[in-house]
Amino acid sequence: MELEEIRQIIDLMNENGLNEFELEKNGVRLLIKKGPSGQVIHTVQAAAPPPATKPAETAPPAPDAAQNNCVEIKAPFVGTFYRAPSPDADPYVAEGQEVNADTVLCIVEAMKVMNEIKAEIRGIVRAILVENAHPVQYGQPLFRIEKI
């Protein structure tokens, strides 16, 4: 990706009032975000290589019994993942904790709105898949919960 192309993208973002832009082209991923004061933050990185293909005769590994009964709770939208209601508060849930359908698992902040994400199933939290205060994408797995 050429520097002039990046400048053109930033100009288009400014003209159209966009705060974030992401593009993957020819194995390169470009992410441009505007910070709160309007400064531009951009990242260019090589895209992850496609997974190597295995020979057809190789059988996939059998998942263990606990994984068969697990449900992934996914991000309903793009935002920032928070495990607790405030920086000095205890996390909503921990691995190994039993939850029910109304248990709040986390908050995903989107456009300055704090959205509580509930378990929606009864089970045990087996994995927390995102670090606190990290960005998440739509459909990204946040938790793995074993149904009980």
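Leaving aside neighbours within four places in sequence, with which residues is Tyr 92 in contact? In this predicted model, and with contact taken as heavy atoms within 4.5 Å, the partners of Tyr 92 are Arg 83, Ala 84, Pro 85, Gln 97, Val 104, Leu 105, Cys 106, Ile 107 and Glu 116. Tyr 92 itself is placed in the loop between β5 (79-82) and β6 (98-99), where strands (E, at least two residues) and helices (H or I, at least four residues) are DSSP runs numbered from the N terminus. Although Tyr 92 and Val 104 are 12 residues apart in sequence, their C-alpha atoms are 6.5 Å apart in space. Tyr 92 counts as partly exposed because its relative accessibility is 22%, the classes being buried under 20% relative accessible area, exposed over 50% and partly exposed in between (1.4 Å probe, protein chains only).

The model is subject to confidence limits, in that local features need pLDDT of at least 70 and side-chain atom pairs count only at pLDDT 80 or more, whereas totals for chains, interfaces and linings use all residues. Residues are numbered from 1 along each chain as its sequence is written, and side-chain values use heavy atoms, with hydrogens and water left out.

The protein chain contains two helices and 11 strands, arranged along the sequence in the pattern α-β-β-β-α-β-β-β-β-β-β-β-β. Of its 148 residues, 26% count as buried, and the accessible surface, from the Shrake-Rupley method with a 1.4 Å probe, comes to about 10200 Å², of which 52% belongs to carbon and sulfur atoms. Among contacts between residues at least 6 apart in sequence, 49% join residues at least 24 apart.

A nonpolar core is defined as a set of buried Ala, Val, Leu, Ile, Met, Phe, Trp, Tyr and Cys residues joined through side-chain atoms within 4.5 Å. The largest such core has 18 residues, of which Phe 81, Leu 105, Leu 142, Phe 143 and Ile 145 touch the most other members; two or more residues are given to this core by each of β7 (104-110), β9 (123-128) and β11 (141-147). Beyond four places in sequence, Phe 143 touches residues including Val 71, Ile 73, Phe 81, Val 93, Leu 105 and Val 125. Another core, of six residues, lies apart from the largest one and has Ile 9, Ile 10, Met 13 and Ile 32 among its members.

Strands β1 (residues 20-25) and β2 (residues 28-34) run antiparallel and are joined by six bridges, pairing being assigned if DSSP finds at least two bridges between two strands. Within this pair, Glu 22 stands opposite Leu 31, and the two strands form a hairpin with two residues between them, Asn 26 in the turn having a positive phi of about 50°.
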